[in-house]
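Please read them with the coordinates open.

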Amino acid sequence: MNKNQLQQHDREHLLHPFTDFHDLGKQGTRVITSAEGAYITDIDGHRMLDGMSGLWCCNLGYSRREISEAIYEQLNKLPFYNSFFQCTTVPSIELADLLSEVTPAHMNNVFFTGSGSEANDTNLRIIRRYWDLLEQPEKRIVISRKNGYHGSTIGGASLGGMSGMHKQFQALDYIEHIEQPYWFGEGGDMSPEEFGVHAARSLDKKIQELGPEKVAAFIAEPIQGAGGVIIPPETYWPEVKKVLDQYGILLVMDEVIFGFGRTGEWFGADYYGMKPDLMTFAKAVTNGYFPLGGTMVSDRVAEVIKAKGGEFTHGYTYSAHPAACVAGIATLNILREEKIIERVRDTTGPYLAKRWAELADHPIVGEARSLGLVGALELVQDKGSRARFDDKCTAGAVCRDMSIKNGLVMRATGDTMIIAPPLILDTTQIDELVEKARRALDDTAKAMA
Ligand code: PXG
């Protein structure tokens with residue numbers, strides 16, 4: 001099929017995620033046909049630096065044969081076996097061991113799933129089981145945050161705080177949402193430090209309002225990813241920690257985007273010095289080469305759910321899929337052996353911070369923020385008042401298109417432009433990324449004038 005035929009068949013038969021089917025029909029999809037290193041190429045031969053690592057997952061880029069060959073070999077040896085009914089497989093044991101090593105010291109058990117959404121559903125099941133086994137069944141409520149993203153199953157979407165999603169399904173009735181630590185958008189006249197404390201105190205306020213005896217857990221991403229790379233003020237997590245310590249409720253950190261090195265530490269929890277009870281992962285655990293997710297379970301929780309006996313009636317056919325597990329093993333081995341995360345922490349992260357910050361001088365940039373290998377640009381019409389161009393987020397959509405035209409995949413969340421490039425980027429490629437982003441900003445400013 002040629003490009004037009006592919007687009008036509010795509011329109012006729014494929015329902016895409018998070019897509020306005022009507023709009024897609026008008027525009028036609030971009031057909032991506034190949035990838036190499038940190039670059040993707042479309043059917044027209046247009047080569048782009050992939051500033052989004054696929055979808056926050058291909059942290060090692062696209063050319064790691066160690067991972068694809070491990071999958072191929074496993075598929076020829078034992079393509080599938082389940083981990084129900086007292087069965088197990090060698091790759092699933094080895095990956096569980098490895099995850100216990102790279103995650104915080106107090107996390108030594110893993111429950112595997114096929115995705116991040118399924119892992120957050122698993123968290124809901126574990127949280128309830130934990131409090132039931134401790135004979136505190138009144139602890140039912142899970143607190144989450146507005147504009148958080150935790151997946152698209154009913155559980156994941158209920159935990160998430162995306163108002164557009166909540167309009168299209170009926171959310172679980174035991175989940176409550178609090179403020180997000182989005183200083184640029186919602187901090188008003190407060191300093192970032194004041195606002196960080198303020199946003200964290202909204203957790204305390206909510207717990208008080210609901211009654212501490214009813215609250216089971218708090219779930220949050222270390223940094224909101226899909227919500228627009230919202231890096232909380234430095235005061236936020238320490239204040240959250242104080243609140244959690246006071247009440248003893250469980251902390252779930254959703255590391256689906258920030259796990260496996262994005263911040264320059266293995267996990268966002270490491271970066272912020274937090275001690276989660278459960279930790280969701282997916283995406284980069286296999287470098288995006290095979291669907292795999294899961295939740296790391298702390299000793300505090302594992303001891304209760306393992307020691308008390310009785311069946312935990314939960315699991316998925318593809319929990320601990322052997323091909324997914326070998327992909328995970330190969331990925332973690334590369335991260336360790338090539339010291340990729342250390343390089344982000346010591347070299348490429350600081351270099352991106354310096355280069356990315358230069359974009360703050362652009363006339364349509366209200367804020368340029370970054371951490372490790374993730375960054376965001378707030379597009380504004382007026383820097384002083386932080387006023388946007390319009391309420392339809394036209395600037396973000398224009399900037400995304402301009403960026404792609406200039407050979408850089410940058411994503412728009414409203415009028416916030418975000419990047420999360422592969423962790424293998426060197427400083428020359430960071431220069432290329434920043435130069436292409438600046439060109440996209442120039443073109444956007446012209447188009448919006
Ligand atoms: N938690 C977090 C923090 C995520 O970012 C999920 C859970 C769900 O994972 P699965 O594997 O079920 O998709 C995610 C997924 C975006 C975008 O537009 C982000 C995600 C997925 C799709 C789009 O940034 N994150």
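1. The model is a predicted one, and in it glutamine 429 counts as buried because its relative accessibility is 18%, where the cut-off for buried is under 20%. Setting aside residues up to four places away in sequence, glutamine 429 touches Tyr39, Leu49 and Ile424.

2. Tyrosine 39 has leucine 49 in S3 as its bridge partner. Strand S2 covers residues 39–42 and strand S3 covers residues 47–50. The two run antiparallel and are joined by three bridges.

3. Now the sheet around that pair. Four strands form an open sheet in the order S1-S2-S3-S13, and the pairing is mixed. Strand S1 (32–36) and strand S13 (408–409) are at the edges with a single partner strand each, so one side of each has no neighbour in the sheet.

4. Next, the packing of H17 on H15. Helix H15 spans residues 340–357 and helix H17 spans residues 427–448. Their axes come within 10 Å and cross at roughly 25°. Angles under 35 degrees count as roughly parallel, and H15 and H17 are therefore roughly parallel to each other. The crossing of H15 past H17 is right-handed. On the H15 side, the contact is made by Thr348, Tyr351, Leu352, Arg355 and Trp356. H17 contributes Thr427, Ile430, Asp431, Leu433, Val434, Glu435 and Ala437. By class, this contact has seven nonpolar, two polar and three charged residues.

5. Is valine 434 buried or exposed? Its relative accessibility is 2%, so valine 434 counts as buried. Apart from neighbours within four places in sequence, valine 434 is in contact with Arg355, Trp356 and Leu359. For scale, valine 434 and glutamate 194 are 240 residues apart in sequence and 31 Å apart in space, C-alpha to C-alpha.

6. H17 also meets H16. Helix H16 covers residues 394–405, and its axis and that of H17 come within 8 Å, crossing at roughly 135°. That angle makes H16 oblique to H17. H16 passes H17 in a right-handed crossing. From H16, the contact involves Thr394, Ala395, Val398, Cys399, Met402, Ser403 and Lys405. From H17, it involves Ala440, Leu441, Asp443, Thr444, Ala447 and Met448. These residues divide into eight nonpolar, three polar and two charged.

7. S14 and strand S15 (residues 416–419) pair in the antiparallel sense over three bridges. Which residue of S15 is the bridge partner of threonine 413? The partner is threonine 416.

8. Strand S10 is a separate matter. This strand, residues 293–298, is mostly covered, with six of its six residues buried. In a regular strand, side chains alternate between the two faces of the sheet. Both faces of S10 are covered. Gly293, Thr295 and Val297 are buried on one side, and Gly294, Met296 and Ser298 are buried on the other.

9. S10 has antiparallel pairings to check. Strand S4 (residues 107–113) pairs with S10 over six bridges, antiparallel. Here valine 110 stands opposite methionine 296. Strand S9 (residues 278–281) pairs with S10 over four bridges, also antiparallel. Here leucine 278 stands opposite valine 297.

10. Last, alanine 302. This residue lies in helix H13 (residues 299–307). Alanine 302 is buried, with a relative accessible area of 4%. Not counting residues up to four places away in sequence, alanine 302 touches Asn109, Val297 and Ala307. Alanine 302 and isoleucine 430 are 128 residues apart in sequence and 42 Å apart in space, C-alpha to C-alpha.

Note on methods. Residues numbered from 1 in each chain as written. Predicted model: local features only at pLDDT ≥ 70, side-chain atom pairs only at ≥ 80, totals over all residues. Heavy atoms only, no water. Pairing = 2+ DSSP bridges. Axes fitted to C-alpha atoms, helices over the stretch in contact; angles between N-to-C directions. Parallel < 35°, antiparallel > 145°, perpendicular 65-115°, else oblique. Left-handed = near helix turned anticlockwise from the far one by under 90°. Contact = heavy atoms within 4.5 Å. Nonpolar A, V, L, I, M, F, W, Y, C, P; charged D, E, K, R; others polar. Buried < 20%, exposed > 50% of the residue type's maximum accessible area, 1.4 Å probe, protein only.
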